[in-house]
Amino acid sequence: MDRNNNDDGQPVLLLVGSSGGHLAQLLALRPWYESWRRCWVTFDTPEAVSLLAGEDLVPAHHPTTRNVPNLLRNAVLAWRVLRGRRVAAVVTTGAGVAVPFVVLARLRRIPTVYIEVYDRIDTATLTARLCRPFLSAMLVQWDEQRRQYPEATVVGTLL
């Protein structure tokens with residue numbers, strides 16, 4: 001689907017997230033990202049395709065939960081996307097699809113931002129724990145989430 005491959009070398013904001021609630025939280029950032037050239041990485045579900053109509057969309061492999069083959073496929077995808085575009089930053093709300101993109105982006109010295117989902121207040125998500133060592137910034141939506149992420153910046157709820 002990769003409709004608008006950024007082959008002109010202009011910087012692009014890479015927005016990575018699973019479909020459903022993770023995607024909804026990224027979409028809520030629209031006032032912040034709408035002036036940026038952007039590329040989305042999410043699952044090729046009817047809802048995601050509809051919500052991202054007209055956007056540069058790269059479909060990720062799913063399911064990702066406890067699925068090592070798709071983790072490896074998404075790592076190859078991340079390598080291709082990060083190599084094929086001039087990525088200014090990777091912003092993600094998780095889940096599993098985020099891990100290879102965050103790790104490989106950080107290894108390429110591309111800033112990485114993780115926004116913890118709003119419904120995980122008392123415990124850290126597995127994806128956030130895996131991505132944490134590779135993050136430039138950790139953002140949370142509730143003050144209470146700082147118990148798990150003392151270094152995080154509270155940005156308030158997105159939805």
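Helices (H or I, at least four residues) and strands (E, at least two) are DSSP runs, numbered from the N terminus. This is a predicted model: local features need pLDDT of at least 70, side-chain atom pairs count only at pLDDT 80 or more, and totals for chains, interfaces and linings use all residues. Residues are numbered from 1 along each chain as its sequence is written, and side-chain values use heavy atoms, without hydrogens and water.

Start with the sheet. Seven strands form an open sheet, in the order β3-β2-β1-β4-β5-β6-β7, with parallel pairing. Two strands pair if DSSP finds at least two bridges between them. At the edges are β3 (57-60) and β7 (153-154), each pairing on one side only. β1 (residues 12-17) and β4 (residues 87-94) pair over six bridges. Val12 stands opposite Val87 in β4.

Now a helix. α4 (residues 68-84) packs on the sheet and touches β1, β3 and β4. Contact means heavy atoms within 4.5 Å. The direction of α4 makes about 160° with that of β3. Axes are lines fitted to C-alpha atoms, for helices over the stretch in contact, and angles run from 0 to 180 degrees between N-to-C directions.

On to the largest pocket. A pocket is an open set of points on a 1 Å grid over the protein atoms alone, where a 1.4 Å probe fits, with protein on both sides within 12 Å along at least five of seven lines. Lining residues have an atom within 4 Å of a point. The largest pocket has 19 of them, with Thr64, Thr65, Gly96, Leu126 and Thr127 nearest its centre. Which element gives the most to this lining? Helix α4 does, with four residues.
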